[in-house]
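Here are some notes on the fold and the packing, for you to read with the model open. Please check each point against the coordinates.

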Amino acid sequence: MPQMDRVGDESDERADQHGGSPGRHWAVLPGNPCRRDGQLPVDPATGKIPEGIAAQTEQALKNLSAILAEQGMGLENVVKTTVFLADMGDFAGMNEVYAKHFKAPYPSRSAFQVAKLPLGAPLEIECIAVK
């Protein structure tokens, strides 16, 4: 098993600023991959979740991009995402925005409807990225 380094801690203010789930701010780095805990669509400037699934998806991806940038990566490094939706009826709207942020070869993706997300968020996006 490769050496794994945990980056961050439970009071990681940068993750909080980018909409990370409270108390879960770890990036696990086994070699070159970076697994990033889910990012909520919280605007770090206001601490609020924008209205509408398109704006919410945009904000979650912006937050994810900011965290990846701190590791010297971007969305082009993402190989796998998981999208958690409070309402699967929002999938088409989320997917329209999501598709604008990724290029071929597209990362593998799973999407699930869940009963509830932190802060009452409508979606959360996590990823695995590789340098």
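1. Overall make-up. The chain has three helices and six strands. In sequence order they run β-α-β-β-α-β-α-β-β. Keep in mind that this is a predicted model.

2. Burial and surface. Of the 131 residues in the chain, 39% are buried. The accessible surface is about 7000 Å², and carbon and sulfur atoms account for 53% of that surface.

3. Contact range. Counting contacts between residues at least 6 apart in sequence, 65% join residues at least 24 apart.

4. Helix 2. This helix covers residues 53-69, and its 17 residues should span 24 Å at 1.5 Å a residue. The end C-alpha atoms are 24 Å apart, which agrees with that expectation.

5. Main core. The largest nonpolar core contains 17 residues, and L68, V78, V83, M94, L123 and I125 have the most contacts inside it. Two or more residues come from each of helix 2, strand 4 (78-85), helix 3 (91-101) and strand 6 (123-130). Helix 2 supplies the largest share, five residues.

6. Another core, of five residues, lies apart from the largest one; L40, V42, F84 and A121 are among its members.

7. I125. Which residues does I125 touch, leaving aside those up to four places away in sequence? They are D37, G38, Q39, T57, A60, L61, L64, T82 and V83.

How values were computed. Residues are numbered from 1 along each chain as its sequence is written. This is a predicted model: local features need pLDDT of at least 70, side-chain atom pairs count only at pLDDT 80 or more; totals for chains, interfaces and linings use all residues. Side-chain values use heavy atoms; hydrogens and water are left out. Helices (H or I, at least four residues) and strands (E, at least two) are DSSP runs, numbered from the N terminus. The expected span of a helix is 1.5 Å times one less than its number of residues. A nonpolar core is a set of buried Ala, Val, Leu, Ile, Met, Phe, Trp, Tyr and Cys residues joined through side-chain atoms within 4.5 Å. Buried means under 20% relative accessible area, exposed over 50%, partly exposed in between (1.4 Å probe, protein chains only). Contact means heavy atoms within 4.5 Å. Accessible areas come from the Shrake-Rupley method with a 1.4 Å probe; for residues, only the protein chains shown count as cover.
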